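Have the sequence and the 3D view open side by side.

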Amino acid sequence: MTILIVEDDADIGSVLRRGFAAEEYEVELVGDGEQALAVATDKPLCAIILDVMLPGRSGLEVCKALRAAGQTAPIIMLSARSSVSERTEGLMAGADDYMVKPFDFEELLARVRVQELKRENSEGDQRHLIVPPLDLDLETRTVSTEAGSVRLTEREVDLLALLMRHAGEPLSRADIFSALWAGHGGASLNVVDVYIGYLRHKLGEAIADGGRLIVTVRGRGFMYQPA
């Protein structure tokens, strides 16, 4: 997992390098846009942390150039500029998220992980997702086992697919909410528990004890436990 940090402030860059390295990311730290473009074309990246105020080409210009070159890794922009118009400009340039300085590293880390979850949830087989004992048909919204099948709603499919792609790995309520509901106004964190309940009920209809495939990991969230 290589994360590219584009930051000309040596102190901030050092903090970010240490922080992501401690989370077991491989870190590439550069100080300007030209170096960023060179690294981005040299190796696969899981995320890019991009400062807006850079020497030479601005972060906005670098972001546009990265997208024009086909770079699809999530880009999170960092800037001291906090107005709505400036944040909008960053997103319109191709960024996935925008954080205002000063920021907390734990929040930045959480946002990187949310972007990773979103990308993983949209990639892979476009028809079937199979993690025994479940076979999830993403087109018909049907989850099947040898014992039977049951239809799911669109949101239930999204949630089950996310859990299946991270089988054996607990996902927190906050991460699930950010990946599936953050862009929908009016929803609260409790919606995750509600839909977990829906899934458990429907899986119980498809397979004996199917509801137990989704377990609650105390203090960590929910996890798909494959058979």
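Is Cys 63 buried or exposed? Cys 63 is buried, with a relative accessible area of 0%. Here buried means under 20% relative accessible area, exposed means over 50%, and partly exposed lies in between (1.4 Å probe, protein chains only).

This is a predicted model, in which local features need pLDDT of at least 70, side-chain atom pairs count only at pLDDT 80 or more, and totals for chains, interfaces and linings use all residues. Residues are numbered from 1 along each chain as its sequence is written, and side-chain values use heavy atoms, with hydrogens and water left out.

Now look for disulfides. A disulfide is a pair of cysteine sulfur atoms within 2.5 Å. A search of the whole structure finds zero. Cys 46 is in none, and its nearest cysteine sulfur, in Cys 63, is 16 Å away.

Next, turn to the strands. Strands are DSSP runs (E, at least two residues), numbered from the N terminus. Two strands pair if DSSP finds at least two bridges between them. Strand 6 (residues 128–131) pairs with strand 7 (residues 134–137) in the antiparallel sense, over four bridges. A hairpin of two residues links strand 6 to strand 7. Across this pairing, Val 131 stands opposite Leu 134.

Follow the chain onward. Strand 7 also runs antiparallel to strand 8 (residues 142–145), joined by three bridges. Here Asp 135 faces Ser 144 in strand 8. The hairpin of strand 7 and strand 8 has four residues between the strands, and Arg 141 takes a positive phi near 60 degrees there.
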